[in-house]
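Please consult the sequence and coordinates alongside each answer.

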Amino acid sequence: MTDIIKLTAAETAARIASGDLTAVQVTEAHLARIEAVDEKVHAFLHVDREGALAQARAVDDKRARGEKLGLLAGVPLALKDIFTTEGIPTTVGSKILEGWIPPYDATLTKRLKAADVVILGKTNMDEFAMGSSTENSAYGPTGNPWDLTKIPGGSGGGSSAALASFQAPLAIGTDTGGSIRQPAAVTGTVGVKPTYGAVSRYGMVAFSSSLDQGGPCARTVLDAALLHEVIAGHDPLDSTSIDAPVPPVVEAARSGSVDGMRVGVVKQFRGEGYQAGVIQRFDESVELLKSLGAEIVELDCPSFDLALSAYYLIAPSECSSNLARFDGLRYGARTGDDGTRSAEEVTSLTREAGFGPEVKRRIMLGTYALSSGYYDAYYGSAQKVRTLITRDFERAFEQVDVIVSPTTPTTAFAIGERADDPMAMYLADLCTIPTNLAGNAAMSLPCGLAPEDNLPVGLQIIAPALKDDRLYKVGAAVEAAFVEKWGHPLLEEAPSL
């Protein structure tokens with residue numbers, strides 16, 4: 001079992017295709033791993049054992065018949081519990097959807113199944129994707145496999161923890177303000193936020209519609225690229241889906257190079273609040289890029305200092321609109337319906353019982369920002385700042401091919417450490433939010449351990465919209481150089497569970 005779960009997704013798929021392993025063997029090994037360690041990690045909210053084995057048997061049957069298999073056929077995957085899955089619970093980490101069984105698959109779920117990827121189950125997350133630590137889940141926090149007393153990032157901490165604890169070689173996350181990249185950074189894994197609109201949002205429960213984006217999570221850059229290629233592409237069911245070819249991400253990941261590329265370093269992405277060990281590893285990464293043939297260019301993007309403030313007006317405003325559909329009348333939980341109360345009273349009681357504190361906080365903030373007399377002062381102003389951030393990116397990408405930064409200002413903090421301090425929690429997304437506001441593509445990959453706590457540090461790579469392949473080209477080159485330097489992938493240094 002140990003040998004199988006340590007394989008990369010690319011290696012697993014190749015061995016299944018050659019007949020060296022069966023999809024059932026691979027799936028059973030990962031299900032056994034989940035059974036062995038997930039009681040401690042709590043990465044999964046629901047494990048679909050029978051469904052996963054049925055999908056695996058179907059892959060083995062296809063191979064036996066000589067049918068063509070996809071690039072990731074038979075490879076297990078952990079799916080964030082924000083995508084609808086027909087016949088399998090989808091809770092979005094909230095009590096208000098406890099027990100809800102969707103009648104349809106999200107487009108992303110359909111594409112995974114069509115590619116013969118084996119879905120092991122649904123992973124834990126901050127409720128409605130609102131958080132940076134997975135502590136806001138109504139079903140309890142997830143532990144970071146590097147140190148179970150630390151957070152695994154958020155909102156997609158379940159997916160990142162499943163990868164880092166070798167419960168799955170692939171995972172899916174969503175990124176509204178950094179919820180793929182920040183968990184990847186603190187768990188020593190790879191996470192990619194594709195260009196906004198590159199991956200369908202149909203069947204992805206909405207938090208902030210102009211920011212939400214699904215994307216691939218993996219342990220290597222190539223594995224992330226293979227998954228990216230499976231899930232990306234135009235979807236007529238999503239009005240924000242981009243009708244454009246998927247960039248050649250797999251080809252880029254297989255031919256990584258930064259020789260001759262211009263790499264930008266933004267001066268706003270350092271300073272007060274940044275952990276010394278994080279800056280040390282980032283500076284070493286910049287020197288590494290220089291040694292690989294990249295030209296380093298200093299950039300000044302003054303509007304980035306306003307990104308956090310703008311985000312925490314735009315995202316709550318959109319969430320207050322999107323979450324209005326959870327009224328206890330159409331689907332999900334219902335509270336207080338004893339025949340004596342009006343529909344309004346039932347809705348109020350349902351939301352009071354079903355939504356957690358962080359979701360209520362953001363709904364109230366967003367409703368206030370959109371209210372008559374305050375719209376222009378708050379939401380309208382935030383959208384103007386968003387335009388300034390987009391323009392700063394446009395000017396920057398006239399000078400450079402990609403931008404690099406720390407993914408998050410600190411390594412993983414202790415569970416409970418920031419639970420009562422929302423502002424400290426929000427600062428975890430300081431480096432990731434500008435990319436969401438502009439709709440660009442970005443990746444986080446490991447760049448070492450911080451010397452003061454021996455926990456993973458993430459390097460963020462940002463590319464222009466629809467140039468996602470640049471992430472993989474740079475990421476693969478950096479990954480190969482670091483693995484050569486360390487002598488092994490970073491996750492091999494993680495404590496054994």
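Q: Is Tyr202 buried, partly exposed or exposed in this predicted model?
A: The model is predicted, and Tyr202 sits in the loop between strand S5 (190–193) and strand S6 (214–218). Its relative accessible area is 30%. Buried means under 20% and exposed means over 50%, so Tyr202 is partly exposed.

Q: Which residues make the nonpolar surface patch of about 260 Å²?
A: Tyr202, described above as a loop residue between S5 and S6, contributes to this patch. The patch of about 260 Å² is made by Tyr104, Tyr202 and Leu237.

Q: How many residues of helix H6 (residues 157–164) are buried?
A: Among the buried residues of H6 are Gly157, Ser160 and Leu163. The helix is mostly covered, and the number of its residues that are buried is eight of eight.

Q: Which peptide bond is cis, with omega near 10°?
A: Most peptide bonds are trans. Ser155, in the loop between strand S3 (118–123) and H6, takes part in a cis bond. With omega near 10°, the cis peptide bond is the one from Gly154 to Ser155.

Q: Is Ala129 buried or exposed?
A: Ala129 lies in the loop between S3 and H6, and its phi is near 65°, a positive value in a residue other than glycine. Most residues other than glycine have a negative phi. Relative accessibility is 4% for Ala129, so this residue counts as buried.

Q: What is the phi of Asn454?
A: Asn454 is found in the loop between strand S10 (441–449) and strand S11 (456–463). Its phi is positive, in a residue other than glycine, with a value near 60°.

Q: How far apart do the end C-alpha atoms of residues 26–471 lie?
A: An unreviewed UniProt entry annotates residues 26–471 as "domain: Amidase". The span is 38% helix and 14% strand, and its end C-alpha atoms lie apart by 29 Å.

How values were computed
Residues are numbered from 1 along each chain as its sequence is written. This is a predicted model: local features need pLDDT of at least 70, side-chain atom pairs count only at pLDDT 80 or more; totals for chains, interfaces and linings use all residues. Side-chain values use heavy atoms; hydrogens and water are left out. Patches are made of residues with over 30% relative accessible area and no salt bridge: like charges are joined within 9 Å, nonpolar side chains (Val, Leu, Ile, Met, Phe, Trp, Tyr) within 5 Å. Accessible areas come from the Shrake-Rupley method with a 1.4 Å probe; for residues, only the protein chains shown count as cover. A salt bridge is a side-chain nitrogen of Lys or Arg within 4 Å of a carboxyl oxygen of Asp or Glu. Helices (H or I, at least four residues) and strands (E, at least two) are DSSP runs, numbered from the N terminus. Buried means under 20% relative accessible area, exposed over 50%, partly exposed in between (1.4 Å probe, protein chains only). UniProt positions are given in the numbering used here, feature names are shortened, and annotations may be inferred rather than shown by experiment.
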